[in-house]
Amino acid sequence: MSCSSCSSTKNGSPRGCQNNGTCGSDSCNKLTVFDWLENMHPPQGEEDCSFVEVRFKNSRKEFFRFPKELKPQAGSLVITKVDRGYDLGTVTLAGALVAVQMKRKKIKAESDKIGTILRLANQEEIDIWQASRAKEAEVQKRARELAIALKLNMKLSDVEFQGDGKKATFYYTADKRVDFRQLIKDMARAFSIRIEMRQIGLREEASRLGGVGSCGRELCCSTWLTDFRSVNIAAARYQQLSLNPQKLAGQCGRLKCCLNYELEVYRSALKAFPKAEVKLQTEKGIGVFQKMDIFKGLIWYAYKGEWTTWHKLTVSAVKEIIEKNKANQKVPSMEAYVEEEVKEEKNKLFDSGVGQDSLKRFDPPRRHSKRNKRRRFESKVKK
C-alpha cells in the first residue's frame, strides 16, 4: 500500500508504507472514510451531533462524546479517556454522518460503549505517541523471543501501544489455551509497561499482517474488508467449485472471504434449475444428474450403467421431461432433447473489437530465394 506521506523512490513513485492498512496518515488506511455530509448544516431547530468517530491503530474504531466547548473535525488528533491513563486517536467522522453510523451499528446515545474526549492533543503528546509507535516492531520481536524461551504454543502477531506509552496490547493467535502468566511477568520486567494479552482469530491476524492472494491482488481483509463473516463450504458447492482445500483456503488457512461475494447471485440463479436429486425417466433408461453450467443454462445427464456418455440438455428441456414424468409419461430418450452444437469454422480468423484481423499481419513477408527453388528443381530432375 502507498500513501502521500510515505517516502518515494528515485523515479518519484511512492515507495509504500508497508503498514497493511494501519498507516498513521489518512490516505492509505483501510478505515478511512469520506464524510459527504461535512459541509451540511443541521436543519433549523436541531442541534449539532455531539459525537465523533475516532480511529486507533489496528482496525479499531470507537464513538466518543466531546464537550460543548470543543469542536473536533475530521483529521484532528484527540486525547481520549481510558482506564489509568489516556489514549490518542484520529477523528474520522464528525457531524451528521456520525449519527447515521451509530444508528447503523445500533449504538444508542446513552450506551456505555461511548467514551469521552478530554481535549485536543498537543505537540508533546503527539511526540510521545509517535515514539511509542516507532518501537512497536522492536518490542514485538523481543516479546516473541521471550515466548519461544518459555516454549509457549502461541504466535504474537502485533503490538499496540497506548497513547501515553504506559501500556501495550499484544495480539496473539493460539490453537489451544495458553498459560502466559510467566510471559506477562517477563515482558513487564523487560519493557517496564503494563501488559494486556488479547487473542484474535486467524482472519484478523491475516488482515494485520497483509499479503497477496491467489488472485494477484492484496488481501481484501488488509485493504478494505472490516466485517469478517463466517464462510461455509456450502458456498463453494453453490458455485460449482472444486472442493479442494488448497484452492479454497486463503492466507489465514480458512475459507476465502470472497466465496461470499457472488453467493447470492448463484443462489438466485439456481432457483431456475431443477434439483440434482430428480432423475429423468425415459424408455431407454433412467437419466442421472452429472453437472451443470449456470451461466449457459445447461445440464449434463447420463444413463444408469453408461456413466461415460453424457448428454447435454437445456434447462427448459429438462423441465419438460420432468413435467411429463409427473404425468406418468416417459419420453423415448434423452437424445431427442439434446441441443445441437454449432460447429465453429476451423480456419476462423482472429476476431478483434474492430473486426476480423489476422494474427500474422505484423509478421514480415517470407521471401523464398531463387537458389532454394533451383536446388529443389535440380533434385527433382535427378530423381
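Me: Why does Phe295 count as exposed?
Reply: Phe295 has a relative accessibility of 71%, and exposed means over 50%, whereas buried means under 20% and partly exposed lies in between (1.4 Å probe, protein chains only), so Phe295 is exposed. This is a predicted model, in which local features need pLDDT of at least 70 and side-chain atom pairs count only at pLDDT 80 or more, while totals for chains, interfaces and linings use all residues. Residues are numbered from 1 along each chain as its sequence is written, and side-chain values use heavy atoms, with hydrogens and water left out.

Me: What makes Phe56 and Phe64 an aromatic pair, and how many such pairs are there?
Reply: Rings of Phe, Tyr and Trp (its six-membered ring) pair if their centres lie within 6.5 Å, and planes under 30 degrees apart are stacked, over 60 edge-to-face and the rest tilted. The count comes to 6 aromatic pairs. Phe56 and Phe64, at 6.0 Å centre to centre and with 65 degrees between the planes, form an edge-to-face pair.

Me: Are Phe56 and Phe64 buried or exposed, and how do you know?
Reply: Phe56 has a relative accessible area of 6% and Phe64 one of 3%, so Phe56 is buried and Phe64 is buried too.

Me: Why is the pair of Tyr266 and Phe295 called edge-to-face, and which parts does the pair tie together?
Reply: The centres of Tyr266 and Phe295 are 5.9 Å apart and the planes make 80 degrees, which puts the pair in the edge-to-face class. Tyr266 lies in helix H9 (residues 263-270) and Phe295 in the loop between strand S10 (286-293) and strand S11 (298-303), so the pair joins parts that are 29 residues apart in sequence; helices (H or I, at least four residues) and strands (E, at least two) are DSSP runs, numbered from the N terminus. Tyr266, at 12% relative accessibility, is buried, whereas Phe295 is exposed.

Me: How do you know that Arg208 lies over the face of Tyr171?
Reply: A charge sits over a ring if NZ of Lys or CZ of Arg is within 6 Å of the ring centre and within 35 degrees of the ring normal. Arg208 is placed over the face of Tyr171 at 4.0 Å from the ring centre, and the charged end of Lys291 sits over the ring of Trp300, 4.6 Å from its centre.

Me: What makes strand S7 and strand S8 a pair?
Reply: Two strands pair if DSSP finds at least two bridges between them, and 6 bridges join S7 (residues 167-173) to S8 (residues 194-199), which run parallel. Met197 in S8 is the bridge partner of Phe170.
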